[in-house]
Amino acid sequence: MKITRFDGGHIGVVKDDKIYDVSAACGVDPGEWPPVGIVKVIGSWETFRPKIEAAVNAGTGKPLSSVKLQTPDPWPNKLLALPSNFRDHHEEMRGRSYATPGGVTDEAAGFFMKANSSMIGASEAIAVPADKPDREFHHECEMAIVIGKRGRHVPVEKALDYVFGYACLIDVTMRGKEERVMRKSYETFCPVGPWITTADEVGDPFGLKMQLWVNGQLRQHSTPGMMIVGIREAIAMSSAVTTLEPGDIIASGTMAGVGPLKPGDEVVIEIDRVGKMTLPVVAAKA
Ligand code: MN
């Protein structure tokens, strides 16, 4: 199933180029604040799933192109992210002025966090800060791993049981020496979407093709199987430190090919069987 949010907080299921409003079946008021309805749905998925499927079967749906897609899971307890995490990106960053200092290998690099408020959906735009004309802002092609159930000290061999689903994620980053969390937390710096595709529909995630284009040019591509800290290991590592909660997001880290984004660019990210989104880059209002 592909589940997301649209048009001011409605919960939607996407099927055959149509979107079905399942807000009522989810018991979600689209105007709720904080917008945690989807977290509750993910946390009680076995209860909600049959109600949602019944609502889709009884509904007529709207053309997907007629709605504004929002990020599916805007208020997780945590948005964790793995730094670098693909050998080829580690190599391309080596020696750059803004590379992380020291000899920390990706296996030992742990995780960082991005502000939840940096997330946007598939119908929104990446806004580059207008007051930083001398700085570089890069795209990082990543996959969002969305957690489905609470977990602490999850063993590697059980980790995939904790995955609710997957989404495309772009970890937009201002290069520089400031704390990573700040450089990656500007408003709009974390497109996640266009929906969460549930793990049962994705199947084996390790061979999925992850691709990112800027202005039609392929800039990054790899598969989750090439992650240094793999999907299962990332869940084990983060749950050894924190309690993972339903709706938590772990960003996979990125592969080689990162590069600048400028106002006027168009970015496309696609992950097989997960989804695809196209976002314009604009200058943020000062
Ligand atoms: Mn990243």
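Helices (H or I, at least four residues) and strands (E, at least two) are DSSP runs, numbered from the N terminus, and by that numbering S118 sits in the loop between β7 (112–113) and β8 (119–120). This is a predicted model, in which local features need pLDDT of at least 70 and side-chain atom pairs count only at pLDDT 80 or more, while totals for chains, interfaces and linings use all residues. Residues are numbered from 1 along each chain as its sequence is written, and side-chain values use heavy atoms, with hydrogens and water left out.

**Domains and their interface**

- The protein is divided into domain 1 (2–70) and domain 2 (79–283), with bounds that come from an automatic or database domain assignment.
- The C-alpha centres of domain 1 and domain 2 lie 24 Å apart, and the contact (heavy atoms within 4.5 Å) takes 14 residues from domain 1 and 18 residues from domain 2.
- About 1300 Å² is buried between domain 1 and domain 2, with carbon and sulfur atoms giving 63% of that area; buried area is the accessible area (1.4 Å probe) that two parts lose on being put together, summed over both.
- Of the area that domain 1 buries against domain 2, K2, I42 and L69 supply 49%, which is more than any other three residues.
- Across the interface of domain 1 and domain 2 the rule finds two salt bridges, a salt bridge being a side-chain nitrogen of Lys or Arg within 4 Å of a carboxyl oxygen of Asp or Glu.
- K2 forms a salt bridge with E201, and the closest N and O atoms of this pair are 2.5 Å apart.
- On the side of domain 1 that touches domain 2, β1 (2–6), α1 (37–43), α2 (45–58) and β5 (69–70) each supply at least two residues.

**The surroundings of S118**

- S118 is buried, with a relative accessible area of 0%, where buried means under 20% relative accessible area, exposed over 50%, and partly exposed in between (1.4 Å probe, protein chains only).
- Not counting residues up to four places away in sequence, S118 touches K184, S185, Y186, E187, T188, F189 and C190.

- By the salt-bridge rule the count comes to eleven.
- D7 forms a salt bridge with K62, with the closest N and O atoms 4.0 Å apart; because D7 lies in the loop between β1 and β2 (10–15) and K62 in strand β4 (residues 62–63), the pair ties together parts that are 55 residues apart in sequence.
- Both ends of that pair count as partly exposed, D7 at 31% relative accessibility and K62 with a relative accessible area of 39%.
- The side chains of K114 and D171 meet in a salt bridge (2.5 Å, N to O), which links the loop between β7 and β8, where K114 lies, to the loop between β12 (163–170) and β13 (173–174), where D171 lies, 57 residues apart.
- K114 is buried, with a relative accessible area of 4%, and D171 is buried as well, with a relative accessible area of 1%.
- R135 and E178 meet through their side chains in a salt bridge (2.9 Å, N to O); R135 lies in the loop between β9 (126–128) and β10 (137–139) and E178 in the loop between β13 and α4 (180–183), so the pair ties together parts that are 43 residues apart in sequence.
- R135 counts as partly exposed at 23% relative accessibility, and E178 is partly exposed with a relative accessible area of 28%.
- Salt bridges that share partners join K114, E140, D171, R175 and K184 into one network.
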